[in-house]
Amino acid sequence: MNTADVMKQLEAVIDSRREADPNVSYVARLLNKGEDTVLKKIGEEATEVVIAAKSHDTEKIIYETADLVFHTMVMLAHYNLSFDDIAGELARREGLSGLVEKAARVDSLDESSSAELHPSRLNDA
Ligand SMILES: N=c1c2ncn([C@@H]3O[C@H](COP(=O)(O)OP(=O)(O)OP(=O)(O)O)[C@@H](O)[C@H]3O)c2ncn1[C@@H]1O[C@H](COP(=O)(O)O)[C@@H](O)[C@H]1O
């Protein structure tokens, strides 16, 4: 199976677990416990990825990253988002250097803060 098919299939399984019994489905249990539990798992799994990466153990990195991706998919389901939403955002960014994007963001921040300090706005306060 290619990557896109794996993600689509996992997404469909997660979606199908919305109404499943939390006693037999881990996904149903997580979704039933709600936002805080779903988000706590993301934090835990992200930390485990960092620890695995620092160990330079390839198998552990793959295993923990799979856990993180899986729990991220559950989090997206919680917010009724799909992996297509993320793929769409990544596609939108394609070809736009992170450095160029950051420079544009910093410039626009500078413009808005200098506008705040502009003498014509002194009476606004
Ligand atoms: N890909 C996964 C998957 N990856 C990880 N996990 C589970 O996620 C949990 C990870 O938690 P931890 O490593 O923190 O272990 P833990 O301390 O036991 O976890 P907690 O007690 O904190 O929940 C483990 O129970 C893993 O088995 C997954 N559970 C399910 N899936 C997929 O989701 C499908 C539906 O699963 P069910 O809803 O259980 O049928 C499965 O068929 C799989 O395709």
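This report walks through the domains, the ligand shell and the helix packing of a predicted model.

Some ground rules come before the details. Residues are numbered from 1 along each chain as its sequence is written. In this predicted model, local features need pLDDT of at least 70 and side-chain atom pairs count only at pLDDT 80 or more, while totals for chains, interfaces and linings use all residues.

**Domains**

The domain assignment, whose bounds come from an automatic or database source, gives domain 1 (3–94) and domain 2 (96–125). The C-alpha centres of domain 1 and domain 2 lie 36 Å apart.

**Around the ligand**

Which residues surround the ligand? They are Leu10, Val13, Arg17, Ser25, Tyr26, Val27, Ala28, Glu44, Asp67 and Phe70; a residue is near a molecule if its C-beta atom, placed from the backbone, lies within 6 Å of it. By class, this shell has six nonpolar, one polar and three charged residues. Here Ala, Val, Leu, Ile, Met, Phe, Trp, Tyr, Cys and Pro count as nonpolar, Asp, Glu, Lys and Arg as charged, and the others, Gly among them, as polar.

Helices are DSSP runs (H or I, at least four residues), numbered from the N terminus. At least two shell residues each come from α1 (3–16), α2 (26–33) and α4 (58–78). With three residues, α2 gives the most to the shell.

The table sets out the helix pairs, using axes that are lines fitted to C-alpha atoms over the stretch in contact, with angles from 0 to 180 degrees between N-to-C directions.

| Pair | Axis distance | Angle |
|---|---|---|
| α1 and α4 | 10 Å | about 55 degrees |
| α2 and α4 | within 10 Å | roughly 50 degrees |
| α3 (35–55) and α4 | within 8 Å | roughly 160 degrees |

Angles under 35 degrees count as roughly parallel, over 145 as roughly antiparallel, 65 to 115 as roughly perpendicular and the rest as oblique. A crossing is left-handed if the near helix is turned anticlockwise from the far one by less than a right angle, and right-handed if clockwise. Residues are in contact if their C-beta atoms, placed from the backbone, lie within 7 Å.

Let's take α1 to begin with: α1 and α4 are therefore oblique to each other, and their crossing is right-handed. Leu10, Glu11, Ile14 and Asp15 of α1 make the contact with Met73, Val74 and Ala77 of α4. These residues divide into five nonpolar, no polar and two charged.

With the axes of α2 and α4 crossing at roughly 50 degrees, α2 is oblique to α4. The crossing of α2 past α4 is right-handed. Val27, Leu30 and Leu31 in α2 meet Val74, Ala77 and His78 in α4. By class, that contact has five nonpolar, one polar and no charged residues.

For α3, the axes cross α4 at roughly 160 degrees, which makes α3 roughly antiparallel to α4. The crossing here is left-handed. Among the α3 residues that meet α4 are Val38, Leu39, Ile42 and Val49, and the α4 side includes Ile61, Leu68, His71 and Met75. The residues of this contact divide into eleven nonpolar, five polar and seven charged.

Definitions and conventions. Two residues are in contact if their C-beta atoms, placed from the backbone, lie within 7 Å.
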